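Subject: Structure for your review

Dear colleague,

Please find below the structure that I am handing over to you. My notes on what was found in it follow.

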Amino acid sequence: MALVVGTKAPDFTLKSATSNGLKDVKLSDHFGKQPVVLLFFPLAYTGVCTAEMCDVSNGLGEYANFGAAVYGISVDSPFAQAAWAKENKIAVPLLSDLNKTTTKVYDVLSPSLAGIGDTSARAALVINRDGVIVYSEQTPTPKDLPSFDKIKAALA
């Protein structure tokens, strides 16, 4: 299960593909500045993950109203994420955890998903400006979406 509320969020640096190449995104760069929403998802190019990231992309303005940064994290390569985002008009910055390091540290590893290998589980965490987890949810199955109303309530 995902790390619990009240836990100091473990720092990480993950790669994100941009139009200018790969960029490092470090969680602690947000500490003291803004809250962060982390949306772990199993795999790009899958139906539920595409729907989730497209819906969140369409509502990014709501998260901006809270001053929050939002990131999607999966075990896909940053290049696959970039192609998927372009194809589906996904505006949420996507972070690659190809080595599954962050997925393991946040305790959201889904072992042998559908017999194809370990992926991230579907999970949502809200981290406040102080770097403390104030909302944590791992869905019962990869087909279930997190409660976006509860995520927004944690940001309010």
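A residue counts as buried when its relative accessible area is under 20%. Phe40 has a relative accessibility of 0%, and it is therefore classed as buried. Please keep in mind that this is a predicted model.

I begin with the aromatic rings. The structure contains four aromatic pairs.

Because Phe40 lies in strand E3 (residues 36-40) and Tyr106 in the loop between H4 and E6, the pair ties together parts that are 66 residues apart in sequence. For Tyr106 the relative accessible area is 1%, which means that this residue is buried. Phe12, Phe40 and Tyr106 form one aromatic cluster.

I turn next to the nonpolar cores. In soluble globular proteins, nonpolar side chains tend to be buried together. Which residues have the most contacts inside the largest nonpolar core? They are Val37, Leu39, Met53, Tyr63, Trp84, Ile90 and Ile151, in a core of 22 residues. Two or more residues of this core are given by each of E3, helix H1 (47-58), helix H3 (78-88), strand E8 (123-127) and helix H5 (148-155). H1 provides the largest share, four residues.

Leaving aside residues up to four places away in sequence, Trp84 touches Phe41, Ala44, Tyr45, Cys49, Thr50, Met53, Ile90 and Leu94. Another core, of 21 residues, lies apart from the largest one; Ala69, Tyr71, Leu125 and Ile133 are among its members.

Finally, I draw your attention to Glu52, which lies in helix H1. Is Glu52 buried or exposed? Its relative accessible area is 1%, so Glu52 is buried. Residues up to four places away in sequence aside, the contacts of Glu52 are Leu39, Phe41, Arg122, Leu145, Pro146 and Phe148.

With kind regards

Methods:
Residues are numbered from 1 along each chain as its sequence is written. This is a predicted model: local features need pLDDT of at least 70, side-chain atom pairs count only at pLDDT 80 or more; totals for chains, interfaces and linings use all residues. Side-chain values use heavy atoms; hydrogens and water are left out. Rings of Phe, Tyr and Trp (its six-membered ring) pair if their centres lie within 6.5 Å; planes under 30 degrees apart count as stacked, over 60 as edge-to-face and the rest as tilted. Buried means under 20% relative accessible area, exposed over 50%, partly exposed in between (1.4 Å probe, protein chains only). A nonpolar core is a set of buried Ala, Val, Leu, Ile, Met, Phe, Trp, Tyr and Cys residues joined through side-chain atoms within 4.5 Å. Contact means heavy atoms within 4.5 Å.
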